[in-house]
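Biologist: I have a new structure open and would like to go through it. Can you take some questions?
Modeller: Go ahead.

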Amino acid sequence: MIDLERFTSGFLLSVNSILFIVGLFMYRKWRNPTYLKFLAGFSLMLFSNIGMSLMSAKLVNFNMFFMSLYATGLVITQIALFRLYYKSTDKLYVHLGGTAVTLITAAMSLFLPVQMSSFLLFLAVVGVTIFTMVKLFPDVGLNPKYFMATVLFSLQYLLHLAGAFTGYELLAELGVIFSIFASFIVFVMIFEKIIGVMQAATYTSTRDEITGLFTQKHFIHQANQALTSGKTIGVLYIEIQNASAHLSEEESYRRAGRAIGRALDGLGFAGRYQNNTMIALVTSAKMPLSELVNAIKMKIDVEASTTVLVGYMDAKPGMALDDLISEAREGAVRTKQHGLNKIFDLDQSKILAD
């Protein structure tokens, strides 16, 4: 019994310590009400866990005080999880009621019989769980991990209630095992979200918000690396001249960006160089540059319904990126000035204009 108690208390303390550190990290990094709820919930759970681990007797009034605060922490955590996963603005009045009941129980636990305190906590936690399953999940969709965490927390308080009425502390101790698994699931859920947020932040820092192509800074960095490694076939200069009368300018750029990205799939990459200009670096010789230019032009014409001017330059050893872009742009500008509408040779450049 003592070995089981030490194991469960130590393991739960470790998990809750990690959750507290994660909650602190999230709030310091992103400071918003949802992460503040996580920090508050994890702080209460860790504080309560420390208090419970210091007492060997599980069915006494002082332990019920910490059990009540632990219940408060987990209900607040469930509110934060719902906000994090479903981005909902629902008030969650049942969860707020559960928080209030657990706090009141904590205040009264030193005077109430252990059985009464345990019963009130059971009602609060199970009430929140039933509300989540009956009301929330049918409206927003079932999340298996969220479902398992709420059920496991309820089982913890069910076993504690059974232990309080039968006098068997082993039942209360077994309930802690369910809490360990539930806390671990909460950690996994939060860790998944943190990874997703970081991946999204990385994407938005390297991708243009409208076109989905690389930002100018990231494109230049990637292009210079490709040039240094000798993997560059050519550079394309793509200028969107006139947006469709039926589409906004932003939507035209968005569709043009998607068209360029699909045309370059497996052949290279592109970036938004200026407001209406995209630059592409071709790294594969699978398709001749002239055919690739025609493919890009047709895709933009069909998908974005915009007038486009395209110039390209064959890459040569020792040529800098700025020089390649300048040559491709010069050819495109000359074509525009002469009103040409086909491919021409111009030094090492070849150009295509609409």
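Biologist: Let's start with K58. Is that lysine buried or exposed?
Modeller: K58 counts as buried, because its relative accessibility is 7% and the cut-off for buried is under 20%. Bear in mind that this is a predicted model.

Biologist: Where is K58 in the chain?
Modeller: K58 sits in the loop between helix 2 and helix 3, the latter covering 61–86.

Biologist: And what does K58 touch?
Modeller: Leaving out residues up to four places away in sequence, K58 touches E5, S9, M52, N63, H160, E169, A172 and E173.

Biologist: Change of topic. What is the phi of R31?
Modeller: Phi of R31 is near 25 degrees, a positive value in a residue that is not glycine. Most residues other than glycine have a negative phi.

Biologist: Where is R31, then?
Modeller: R31 is in the loop between helix 1 (2–30) and helix 2 (33–53).

Biologist: Buried or exposed?
Modeller: R31 is exposed, because its relative accessible area is 54% and exposed means over 50%.

Biologist: Which residues are on which side of strand 3?
Modeller: T277, I279 and L281 are on one side, while M278, A280 and V282 are on the other. Both faces are covered. In a regular strand the side chains alternate between the two faces of the sheet.

Biologist: What about strand 2, how does it run against strand 3?
Modeller: Strand 2 (residues 268–274) and strand 3 run antiparallel, joined by 6 bridges. The two strands form a hairpin with 2 residues between them.

Biologist: Which residue in strand 3 is opposite F269?
Modeller: That would be L281.

Biologist: And how covered is strand 2?
Modeller: Strand 2 is mostly covered, with 5 of its 7 residues buried.

Biologist: Next one, V308. Which strand is that in?
Modeller: V308 is in strand 4, which covers residues 307–314. V308 is buried, with a relative accessible area of 2%.

Biologist: How far is V308 from K91?
Modeller: Their C-alpha atoms are separated by 50 Å, and the residues are 217 apart along the chain.

Biologist: Let's do a couple of helix residues. Where is T206?
Modeller: T206 lies in helix 7, residues 169–206. T206 is buried, at 18% relative accessible area.

Biologist: Which residues is T206 in contact with?
Modeller: Apart from neighbours within four places in sequence, T206 is in contact with L213, F214, T215 and H218.

Biologist: And E330, which helix?
Modeller: E330 is in helix 11, residues 321–338. E330 is partly exposed, with a relative accessible area of 31%. From G311, E330 is 19 residues away in sequence and 8.0 Å away in space, C-alpha to C-alpha.

Biologist: Now the whole chain. How many helices and strands?
Modeller: The protein chain has 11 helices and 6 strands.

Biologist: What is the radius of gyration of the protein chain?
Modeller: The protein chain has 31 Å, whereas a compact globule of 354 residues would be near 20 Å. Along the principal axes, the C-alpha atoms fill a box of roughly 95 × 45 × 30 Å.

Biologist: How much of the protein chain counts as buried?
Modeller: Of its 354 residues, 46% count as buried. The chain exposes about 17,100 Å², and 62% of that comes from carbon and sulfur atoms.

Technical notes:
Residues are numbered from 1 along each chain as its sequence is written. This is a predicted model: local features need pLDDT of at least 70, side-chain atom pairs count only at pLDDT 80 or more; totals for chains, interfaces and linings use all residues. Side-chain values use heavy atoms; hydrogens and water are left out. Helices (H or I, at least four residues) and strands (E, at least two) are DSSP runs, numbered from the N terminus. The radius of gyration is taken over C-alpha atoms; the globule rule is 2.2 Å times the number of residues to the power 0.38. Buried means under 20% relative accessible area, exposed over 50%, partly exposed in between (1.4 Å probe, protein chains only). Accessible areas come from the Shrake-Rupley method with a 1.4 Å probe; for residues, only the protein chains shown count as cover. Two strands pair if DSSP finds at least two bridges between them. Contact means heavy atoms within 4.5 Å.
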